[in-house]
Amino acid sequence: MSGNLYQPISGRITDIIDESSTIKSFVVHPESPFKFATGQFVELTLPGEGEAPFTPSSSPSQTEQMEITIMKAGRVTGLLHECAPGQMVGIRGPFGNGYPVDRFAGKEIYIVGGGVGLAPIRSLFLTLVDRIKDFRKVVCRFGARTPEDFIYKKALFGPWQKIGNVDIKLTVDKANGQWSGNVGVVTTILNINDVNVKNAVAVVCGPPIMMRYATLKLLEFNFVPGDIYLSMEKNMSCGVGKCGHCMVGKYYVCKDGPVFTYEQIKKYPKIWD
Amino acid sequence: MEAVFVSKLSSLLDALAAKMDVYVPVKVSNHIVFKKYDTENSQMAEFNAVRACTPVKEFLFPLREVAATTQAQPEIATVKPFAVFGLKDCDVKSIVILDKVFGEDEFIDPLYMARREKMFIVSSDCTGPAESCFCSLFDGKGFAEKGFDLNVSPIKGGFIIDIGSRKGREFVESNDGLFADVPASLLEERDANRKKAQHQLEKQNAGFTPAALLQEIVEKTQDSEIYDQIAKDCIECQACTRVCPTCHCFYLYDDKQKDYFTKMKIWDSCMRFGYAMVAGGANPNKVLGERLKHRLMHKFVYFLERYGVNMCVGCGRCIDADAGGIDLRQLLKNLSEEANTQKTERIK
């Protein structure tokens, strides 16, 4: 990395997609092509207001534009939700390590996701699907509070389910009239027969409590901690392992993560808080 | 080490000031702080017997600075060469620690490095360590052996100036007329002075010597109740992290100027409640005792694992500044004792 680490490049929001009552996807055109690896994150600046870390939800093969899915959670995300297409933003990054997709080759990939955690997973999913023959199969188990709370509904309820070698199951905490699928938290649709654990890796991304219980379940299935990949959410500010806010033990989530194996971080306190 | 002699401190400072801005230790009330040296008022600078109240990081990593702007040409502060006189061994060692963070290969912080490259370091021997000084627990001797451009040792009738770098040598050579050779007797006198200070440091810290490596002690006592007990004395003033010469946490925030936007870099403190909190409200360090523990783990375990050195130099500023009366030496001693008890219990 060269130049000023803290200087964002400029970008423009060209489209905004409503995903759920609290989540929107922003299509951002950076001023110059922007390369990243799936799972890496960017710091998105709303000029004069603040910046916040997000993992792009689009495929890294797309460098002219990227999509960033954002849940309204705090001050900056609240202000972003009020933006209209045309809004200028700043982008710093990409930061961190991303998913080691090459290491997944030849394996079954068991993806467990919940809520807005599907954002980084979408980017990973699109990356995997691009070279689906490299993997034995991709098994997805996703949860949301209600059917309306699923993001990427159009793809999720339709085309993604029809891709060969891909097995998707969904669950909701609370159903409504039209829902015919499973009701219960995401761990209720995890089954030891979903994958051949010996030749599989697991990827988990979602709210901390879901990640915790999903990890416990995966351990019960005899996944080794080194095969469970967790995308950690912490208060990343600088993005380059200096400012200190995102420390998990000796690791800086921004630089050494945001993707960690459970093996790397299991000894540290408060990883799920 | 090559050394020269100068009889008046002001001759050295004036020669430095002819080339660059010079900051010197000045006593304000009971505190030593740095002020810009004024050649018209050369008596403003006195030899400081002990480290200043303020940490050297202020020169390299100011409290608040512009990190980026939306102006066409992002401006990284244009830094003029500057010298700081009166830094002590602990200060010099704190710079080594900050260099590891901000000068890390892949991720060089241009703001820090711009200042670092322009800094001329004039350290000096401690002749009167403070009661709170505990560098001796970290192999400190009260004088710097490396890491300076010049080092000043006071002796009868003048000062011995050690040359510690190419920059230091160039300065001495270009001011040839100012300096004399050092008589051997003066070097002996200096050794005696240094031993005296070192002895004082060792004596005042003898009772605080930990029973094992600090890394082991702090790591082993992570579940200790001591942190929650000490939290009762902590008033969360964050002074410990402000005056600490190695604490380097910062936060980036965005600001509006008249016709452009800026991204600002400002010191932050891991003692602050919201320090690690994410937008959704999750916060791993809600409890003050947890934050105190994290600070110690960072200083004595995590930083060591990552960079091979403790993130503490034993300057004792945190002890002087602590409004709640927390003494880091005592805290480490208590943890050391608890770690020992654990060991015994396990044997049983």
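This is a predicted model: local features need pLDDT of at least 70, side-chain atom pairs count only at pLDDT 80 or more; totals for chains, interfaces and linings use all residues.

Colleague: What length does helix 4 of chain A reach from its first C-alpha to its last?

Modeller: Helix 4 of chain A covers residues 208-220, which makes 13 residues. At 1.5 Å a residue, the expected value is close to what the model shows. The helix reaches 18 Å.

Colleague: Why do the buried residues of helix 4 of chain A lie on the same side?

Modeller: The buried residues are Met210(A), Met211(A), Ala214(A), Thr215(A) and Leu218(A). An α-helix has 3.6 residues a turn, so residues three or four places apart point the same way.

Colleague: Which exposed residues does the face turned away from the buried side of helix 4 of chain A carry?

Modeller: The buried side packs against strands 7, 8, 11 and 12 and helix 6 of chain A. The face turned away from that side carries the exposed residues Leu216(A) and Glu220(A).

Colleague: In chain B, which residue of strand 10 is the bridge partner of Leu252(B)?

Modeller: The open sheet of 3 strands in chain B has the order 4-10-9, with antiparallel pairing. Its edge strands are strand 4 (64-69) and strand 9 (250-256). Strand 9 is joined to strand 10 (residues 261-267) of chain B by 7 bridges. The bridge partner of Leu252(B) in strand 10 is Lys265(B).

Notes. Residues are numbered from 1 along each chain as its sequence is written. Chains are lettered from A and ligands numbered from 1 in the order in which they are written. Helices (H or I, at least four residues) and strands (E, at least two) are DSSP runs, numbered from the N terminus. The expected span of a helix is 1.5 Å times one less than its number of residues. A residue is buried if 20 or more other C-beta atoms lie within 10 Å of its own, exposed if 12 or fewer, and partly exposed in between; C-beta atoms are placed from the backbone. Two residues are in contact if their C-beta atoms, placed from the backbone, lie within 7 Å. Two strands pair if DSSP finds at least two bridges between them.
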